[in-house]
Amino acid sequence: MSGSVAPAFRPAPGETRAVVTGIGIAVPTAASPADLLAARSRLGAGQPRAGAGPDWFDPVSVLGQRGWKYLSPATRFLLGATARALAAARLEPGAYEDTQLAVAAGTNFAANPVLARFDAAVLAEGSDALSPAEAPNFSVNMPASHAAAKHGMRAFSLTLTNPVVAGLEALLALTRALGTGRAAAGLAGATEEMPDVPVRDDAGEGACALAVESEKGARERGAGALAEIAGGFCRFLPHPAETAASTQGSARLASALGDPLTALVTAAGRGAQGDPIPFIVCCDDPELAGRLTRYCTERCAAAGVTLTPVAGYLGGDGAFFSVSPLLQLAGLITEHGHGLVLGTAPHGNLAAVLLRPARPAA
Amino acid sequence: MERILITGLGVVSCVGQDIETFWSALMRAHNEPGLVPDPHARMPNRLLYVVTDPPRATDSQGNELSRTSAFAVQAAREALADAGLGDALDGAGDGIGVSIGTGVGDAGLFEAARAGGRVPRAADGFPFKTSGALAERFGLTGPNLTVSTACSASAYSASLAVQAVRDGLADVVLAGGADGYTRVGVACFNRMGGLDPVRCRPFDARREGTVFGEGAAMMVVESEEHWRRRGGRHAYAALEGAGWSCDAHHPTAPEPTGRAIARAMRAALHEAGLDAEDIGCVVPHGTGTPLNDVVESRVLREVLAGSDRTPPAVYSLKSMLGHTGGAAGGFAALTAALILSRRTAPPNPPLADPDPECPFPLHTGEPQRRAFGHALVNAYAFGGNNISLVLGEV
């Protein structure tokens with residue numbers, strides 16, 4: 001196809017600068033960004049396991065006494081994470097028009113356990129065995145829709161579902177929506193419930209959400225920015241493990257990853273004064289993660305940008321599926337104030353988001 | 001602003017598995033639902049607009065794809081061929097993007113396994129792999145998205161495809177939607193009392209709900225500059241505007257004042273740089289759900305009012321296809337593109353008892369033939385995920 005395309009999205013000069021102003025986390029062993037860092041220090045520098053006890057999320061303490069009984073666990077997790085993100089951002093109702101506030105969420109398994117439970121009921125007893133109050137939960141967009149309703153966000157509610165990378169894609173979609181004027185602020189997040197299928201033995205569940213708004217909007221309401229969203233991309237690399245390992249795959253690897261990545265970091269990616277960029281590959285396959293880390297580091301070095309690979313945070317091995325890459329972003333923001341996360345799925349989905357340090361207020 | 005064109009179309013539907021058969025069926029203006037192809041469907045209402053003789057497909061590892069993904073692969077093959085993108089048909093679609101909307105994704109694979117008393121294999125574990133299946137099959141390494149905003153998913157996927165092309169992230173994006181039958185989906189609508197016992201009959205006073213359908217609608221979305229440079233054969237329509245909104249009101253019921261859907265319609269017109277009187281044709285969401293049809297009709301009348309010219313033709317697509325879920329917005333946009341390019345709005349299936357609360361006249365008997373100029377497409381969903389698209393003649 002044409003070689004004229006811009007490989008990665010990044011705001012043009014003069015366009016809206018999107019910033020992260022709050023982080024909300026609701027996963028086992030972490031209810032705040034500080035917990036993410038503490039969890040890593042407890043578990044060492046390797047890829048921490050996800051883990052999950054059956055009662056790790058207490059809806060009464062997080063969501064209150066009422067209003068959550070018929071919501072799916074994935075919806076409850078996302079409501080917990082979004083409430084924490086809004087609180088951290090001090091983003092109160094009325095700060096923006098409700099028609100300017102949006103929700104974008106990624107998920108892979110928000111509906112999967114619900115569907116399995118409903119299907120078992122239908123197979124055993126028929127549709128009358130279903131609860132009418134719970135029936136809407138079969139639709140995977142319910143977590144984002146409930147978040148929009150809960151927080152009165154009426155610009156749009158978007159749910160994306162690509163394996164593993166959907167949360168990063170949701171963040172990019174919301175960022176782009178700020179640029180096009182479809183929204184002025186909102187929540188980008190991801191949520192997962194423990195899958196009902198044996199995708200991996202160490203799967204995790206939970207949610208992560210980021211409050212995102214324009215730099216200008218944040219400043220006008222006196223909110224501090226944690227980091228700026230410099231841009232990103234989503235692509236597809238067929239058979240990623242084989243392609244990354246073979247010399248025959250180099251052209252395809254360059255097209256799907258190397259070219260968009262270097263375009264992204266050279267135009268927008270330098271940290272303050274050209275500082276090295278902390279970099280995490282969020283991937284379920286350690287060998288592939290190592291190859292991609294080396295490949296990306298070398299490609300960027302050739303373009304004059306230094307990536308510094310750092311150990312992943314909770315979920316760095318993709319165990320929380322679409323939530324995992326957002327947890328890595330949350331960790332990087334908290335520890336470094338900037339960074340780059342590349343998420344990959346076994347089937348070939350790739351997405352990357354680059355954060356740069358927030359500019360100090362004038 | 002550069003125009004973004006629809007340059008290829010492909011369908012798998014209950015009335016045909018290629019564009020010409022599909023169009024001929026719409027022109028006949030009659031269709032009836034069948035029954036779900038599932039002996040395990042223990043539910044009182046088992047009506048479905050079924051894709052008979054469904055296509056099957058496997059991934060590169062030989063794993064059988066879901067009904068949803070197999071529909072998508074076949075419709076995509078037709079759309080890419082129609083657009084003259086033969087490289088992609090040979091698996092070399094580098095740089096082409098994929099943006100697919102689906103409500104249920106690959107859930108049918110899991111249901112089949114459960115009905116057979118098996119646990120789905122780990123290889124089948126991720127439930128939304130349709131966009132990946134398309135990317136792998138046709139070598140489409142460009143931007144890749146799967147949108148699951150329930151029944152508005154593929155209208156959102158089309159809008160995001162336009163955004164990707166407009167941003168210069170790809171010259172070409174394969175966009176659209178696919179949804180295959182799922183037992184749980186139909187069972188849940190049974191339990192919620194959301195199904196019509198006769199047929200899908202939007203805007204009929206005796207409607208009692210919707211009836212689901214299934215299929216895939218695919219569009220090749222392309223920048224006009226790229227299409228001209230490669231000597232593209234034809235273009236069906238331009239995707240000129242999109243308006244997004246969210247009711248933030250209720251999990252299943254539409255917000256009764258319709259203010260959010262009005263906002264989406266007006267935003268789409270604004271983005272297209274058009275006034276209400278420029279709209280010559282409407283493909284409404286029109287599901288047959290009692291409240292949806294009343295609210296949408298009222299808002300359409302309000303938004304498109306103020307003109308003494310010929311009223312827009314309204315084409316009620318779901319009365320032919322049923323409600324194809326996440327594919328519905330894609331089917332509506334594809335049909336609008338055909339209506340604009342052929343300057344023909346197929347006749348609507350006759351209503352036994354038109355609802356006076358839905359005052360838009362639906363032409364029946366004969367098609368309307370004229371240059372419609374621009375078409376408005378609406379797609380709404382559970383959770384109040386609304387979108388309107390505006391398409392224009394090329």
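Is Cys234(A) buried or exposed? In this predicted model, Cys234(A) is buried, and its relative accessible area comes to 12%.

Across all chains, the structure holds 0 disulfides. For Cys234(A), the closest cysteine sulfur belongs to Cys296(A) and lies 16 Å away, which is too far for a bond. A disulfide requires the two sulfur atoms to be within 2.5 Å, so the separation of 16 Å between the sulfurs of Cys234(A) and Cys296(A) rules one out here.

Cys300(A) is likewise in no disulfide, and the nearest cysteine sulfur, again that of Cys296(A), is 6.4 Å away. Cys300(A) also counts as buried, with a relative accessibility of 0%.

## Helix α5 of chain B

Helix α5 of chain B spans residues 130-138, and this helix is mostly covered, since 7 of its 9 residues are buried. The buried residues are Thr130(B), Ser131(B), Gly132(B), Ala133(B), Leu134(B), Ala135(B) and Phe138(B). Just after α5(B) comes Gly139(B), which takes a positive phi of about 65°.

## The surroundings of Ser131(B)

Ser131(B), which is found in α5 of chain B, is buried with a relative accessible area of 0%. When its neighbours within four places in sequence are left aside, Ser131(B) is in contact with Val98(B), Ile100(B), Asn144(B), Leu145(B) and Thr146(B) in chain B, and with Asn162(A) in chain A.

Methods: Residues are numbered from 1 along each chain as its sequence is written. Chains are lettered from A and ligands numbered from 1 in the order in which they are written. This is a predicted model: local features need pLDDT of at least 70, side-chain atom pairs count only at pLDDT 80 or more; totals for chains, interfaces and linings use all residues. Side-chain values use heavy atoms; hydrogens and water are left out. Buried means under 20% relative accessible area, exposed over 50%, partly exposed in between (1.4 Å probe, protein chains only). Helices (H or I, at least four residues) and strands (E, at least two) are DSSP runs, numbered from the N terminus. Contact means heavy atoms within 4.5 Å.
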